[in-house]
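Biologist: I would like to learn how to read a sheet in a model. Please start with the terms and then go to the case.

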Amino acid sequence: MIGKRPVYGPRMLMLALLLLAPLLVAFVLAQWCADRWSLGLAWGAYASGGRVLANGAVGLSMFLLLAALTRQLLLPLLLVAGGHALFYAASAIKLRLLGLPVMLPDLHFLTAIDAASLHLFLSYVDITLPMAVSAGAVLVVLMALFWLEPRWCRPLAWSRLIVGFVSMALLAGLWMAVWPWSAGWYGRDAMRPSPLSAMPAALHGGLMPSLIYYHHQQRHRRLDVDASALREAVARLKAQSTGPTSAMIPAKPGGTQPDVVIVLSESFMDPFVLKGMQELPDLIPNMRAALRRHHGGTMLAPTFGGGTVRTEFEVLTGMPVEAFQDVYYPYVDLSVDAMPGVVSELERRGYSSLAIHGNAGSFWNRSSTYRAMGVDRFITQRMMKNAGSVLDGGWTADRSMTDILLKELGRSSKPTVAIAISIESHGPYDSRAKVLDPAALASIRLPPGLDPAAAFQLRNYLYHLHNADKELGRLLEALRGRQRPFVLLFFGDHLPAFQGVYEQLGFVDGRDGPQQYVPWLLVSDDPGSTVPPVARPWELPALTMRAAGEDDSAWFDFVRQVGEQMRANPSDAKANDILVRGLNAGANARLSGKFDGYLR
């Protein structure tokens, strides 16, 4: 049958359904196999009839809706199957690069798609000519099917109306996270999620059910405060000595308020943690010198290979991400009107504020989050480009970010808290984008034992890492040369994502990548100040506030004391458990605006 000439009748509809039934069964089974493939599992891992059907239920609901809309069967099935194939391929790429599958917050890309996010996504995909030709051929086939496949029922047939109503009801229930998507196959018992990673839920139930589970958690999330845990932690702190230790920066006396500069350096790590790097020239001499003078330390980031906003959130708010159940990307998962932290605390003391980032403001919902934090101005990629920023490799150069940061500090008439989120060292590290100093890139020496692909990635990364360290030195020199006090917090957010390099070289301490520490430093115009050698990301804002002399925040005082007590008694598991549970409860109270009430 050619064209849109209708073919109606119960006999034809029955024939279509008989032909379609095995195709739908094959689709559900193929989707399960694709799910297992994308996660690196055997197809039978955790397989059961319920799990296989639960994994395919969303696809079936989408097929039913498209079938009702188009009155066709084959075209909707191919569209849904193609969409799922792209989804599983993307998840496999993410798992290979970052060690995590696609998660619910990743779908933020679909609602905030723009040139910047599209550029980031495409930078990880090598689009070849055969791939482009294949994509074009698929589009031609789909268009031909739309024209050639007959319509299997009348426009107002009862079968079409019933299928359309049922499918829309199912998808509406999915969006609202209600039955049948809220329990049973998609409940906690079936998914067995972990508070530390989204991986277990995907392994046990499949990628689609894991997205449904976390969507339900997000839709019905409440900031529940464990009042007894919080009060127990507060009582324990009051019973202990909570004065500053010799390793802490002392609170500054009254006087001119310093500028507070917070720099998150993308993927900044100490390359000496890799075997063979210690025998080569040091590529982070400025960071190393600060560490030797006890102006910095190391920390275990709450993420590995990606997930910058996790570390960023902890450092800007003083709240651990793990305090909030089933939250992985807090800027997306936590939807609040006010997000208290360093910015809001300093603004109450007369500070102005600004943030700088060489990507779009919509990326990971930073614009909305910074607004909730109270940031006055957010300078993004487009504004940086208009101000003369340049690319070094595929991303905005750290040099350009430093230029704009110093210019903004120089023109401010008030004490300023400035947040700068770099991006030059962002992956992919196999990119062949043009760098500003090819000779410097070529001169970087590498340890033996790397294959060409891993060597290419590591050399690329080390080039940008060295640039970040050079800009750290330039920023410090410029801040010291100004006629006003300052506090600089500089830190790495996580290790870079190149698993092949880690596998081929290995780490000096024998631990795996997620257990490696990243460096940070806290420097002020007081040359005698020192900091703890090891801290946690959520401690850094309390240390920063103390270094700035703004040490009267109830929350940051609480956080500082928790950190001190945990460092003072690292082997006291029971006491530290009390403190951690109290800190997590306090974070929920803080975000809901109730923390101060628990201190009375």
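Modeller: Two strands pair if DSSP finds at least two bridges between them. Helices (H or I, at least four residues) and strands (E, at least two) are DSSP runs, numbered from the N terminus. This is a predicted model, in which local features need pLDDT of at least 70, side-chain atom pairs count only at pLDDT 80 or more, and totals for chains, interfaces and linings use all residues. Residues are numbered from 1 along each chain as its sequence is written, and side-chain values use heavy atoms, with hydrogens and water left out.

Biologist: How many helices and strands does the chain have?

Modeller: The chain has 24 helices and 9 strands. An open sheet is built from 7 strands, in the order S2-S9-S8-S1-S7-S3-S4, with mixed pairing. At its edges are strand S2 (296–299) and strand S4 (377–379), each of which pairs on one side only.

Biologist: Which residue in S4 is the bridge partner of alanine 355?

Modeller: Phenylalanine 378 is that partner. S3 and S4 pair in the parallel sense over 3 bridges. Between S3 and S4 the chain passes through helix H16 (residues 366–373), and this β-α-β crossover is right-handed. The term right-handed applies if, with the strands pointing away from the viewer, the path from the first strand over the helix to the second runs clockwise.

Biologist: In what sense do S3 and S7 pair?

Modeller: Strand S3 (residues 352–357) and strand S7 (residues 416–421) pair in the parallel sense, over 6 bridges. Serine 352 has threonine 416 of S7 as its bridge partner, and isoleucine 356 has alanine 420 of S7.

Biologist: Why is S3 described as largely enclosed by the rest of the structure?

Modeller: Buried means under 20% relative accessible area, exposed over 50%, and partly exposed in between (1.4 Å probe, protein chains only). S3 is largely enclosed because 6 of its 6 residues are buried. In a regular strand the side chains alternate between the two faces of the sheet. Both faces of S3 are covered: Ser352, Leu354 and Ile356 are buried on one side, and Ser353, Ala355 and His357 are buried on the other.

Biologist: What percentage of the chain's residues is buried?

Modeller: Of the 600 residues in the chain, 52% are buried.
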